[in-house]
Amino acid sequence: MATATLPTPTTTAAAQRTGTRTIKVEIKRQATPDAAARTEKFEIPYRPGMNITSVLGEIAAEPITADGRETTAIAYDANCLEEICGSCAMLINGKARMACSALVDKLREGDEPITLAPLSKFPVVRDLAVDRSVLFQNLKAVKAWVPIDGSYELGPAPRQFPQIQEQRYPLSNCISCTICMEVCPQFNDSTNFVGAATIAQVKLFNMDPSGAVLKEERLRALAGDGGVQECGMAQNCVAACPKQLPLIEAISDVSRDVVFQQVKDLFAR
Amino acid sequence: MAAAAPVAPPDLASSRGVKPLRAGQGHSFLWRRLHSLSGIVPIGAFLIEHIVSNFEALNGPLAYAQQVKFLNGLPLVRVLEWAFIFIPLLFHAGYGLFITFRGRANVNVYPWASNWMYLTQRVTGIIALAYIIQHVWRQRFSGVSLPEHPGAAFHKVQVELSNPWMLAIYVIAMIATCWHFAYGIWLFSVKWGITPGDRARKRFGYVCAAVGTGLCALGLAGMWAFVSPKYANAPADVMPEQPAGVVLPAPSVAPPNSTNPSQPGRVAPE
């Protein structure tokens, strides 16, 4: 069913001959993590309602560059195609955003090509696929979970008040796309800043009645090098976040908690 | 199907890119928080004192000289000067440069207001530092020593500001420094979790803008005293006989027939 809509080489060639609308795409590619990057240009037939993942699908169906050279399909991460899995973040026209929710009709100005590039602050695996495992490492470092695993029955969970739940819900929307980290001027290999997503998850799990048991450990972790103090309040994270997490509020709240924890540890520990 | 090779765990030690959080390790939290705090007290507090003191110049060379004399008469003034001005300033400037050069400003890609403020805070900090180095050298550590000759203060500043280039530097530095301080207060209140909420941040932003604008206006008004025609060509020293610090008044000899020698003005009625 889906294959029926994919263009065959003849339809594309026909589209170009007959002057049907096409989209120009320029993609920064590299075959291996160490290979030099190069740019490949593509021209694919336009269909209404396309997003960037469907553009990449069109290229995969017919991996031929605009000048007619055969090439390979573009490597990229994608899964849910509805901005909930967080895997398809990339630089689209230079800005970090989700490929699935980037609509071609809203991206193009005239006949300008759409540029695609991998996120710039993560090691490239291949083409548009990058290694974002640093976020996973950071979430592990702050114990961003509720410790309920055990060999015995732990009983019912404590009650969670709806007021707390209302504050936690927006933070639970994080999809780990790493866009907040990509757009942050402080997230780089000299500060090794932990990034907004991890700090927001610290607030989320510290407010959980069961997760709060690890609160002090999380706050101590965030006072380490690259912790919450590296935030420079450029606030790009909150502007770029595709899920509108209240990241600055979370950073501010967690910063205060970290200060209190440090002072408490200094005098009382 | 052939058995797939086991997935190798990520080799984090040699991995490129940004390193994971060093949970609980290092002292950068302390230094970064000290940097934030030192910008408010003592440096910000001193900035307010300095601008308010200089505003006294509008009352003329003598009033300005008395203000300088008063400040230099404070107990342990040299200790105060080093402990609450020079050393915190050196730390704030040094660590501020360290922070600046570790950031990767990206306003060219994300030209958002708060991102511009991030860059502006670093630019104004560097402008203020460059200005303060020449200002402290030229006004405090070279030329007439003002702690010893407070009466020469007005003339010294007036000569400095008579150069239009120097006047322009002072005006630019005044604006940059007040900007840096005002946004610094806002940053402080967010980073210490005093104003976390959207509304609180916005409202306090207006407060900080008002504080910065007011302080800058006060500073520029004080500067006007030195270039305005009202006090043009002020004398080189308005109170040459008065040294700095507290000195005993000249001993007065009680006139004969004084009933109370400690109040020599009173003479017993005949």
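Tutor: Two strands pair if DSSP finds at least two bridges between them. Strands (E, at least two residues) and helices (H or I, at least four) are DSSP runs, numbered from the N terminus. This is a predicted model, in which local features need pLDDT of at least 70, side-chain atom pairs count only at pLDDT 80 or more, and totals for chains, interfaces and linings use all residues. Residues are numbered from 1 along each chain as its sequence is written, and chains are lettered from A in the order in which they are written.

Student: What makes strand E3 (residues 89-92) and strand E5 (residues 114-117) of chain A a pair?

Tutor: Two bridges join E3(A) to E5(A), and at least two are required, so the strands pair. They run antiparallel, and A:Ile92 stands opposite A:Leu116 in E5(A).

Student: Why are strand E2 (38-45) and E4 of chain A said to stand at the edges?

Tutor: The open sheet of five strands has the order E2-E1-E5-E3-E4 (chain A), with mixed pairing. E2 and E4 of chain A each have a single partner strand, so one side of each lacks a neighbour in the sheet.

Student: How is the side of chain A that touches chain B divided into nonpolar, polar and charged residues?

Tutor: Two residues are in contact if their C-beta atoms, placed from the backbone, lie within 7 Å. The contact takes 43 residues from chain A and 37 residues from chain B. Ala, Val, Leu, Ile, Met, Phe, Trp, Tyr, Cys and Pro count as nonpolar, Asp, Glu, Lys and Arg as charged, and the others, Gly among them, as polar. On that basis the side of chain A has 15 nonpolar, 20 polar and eight charged residues.
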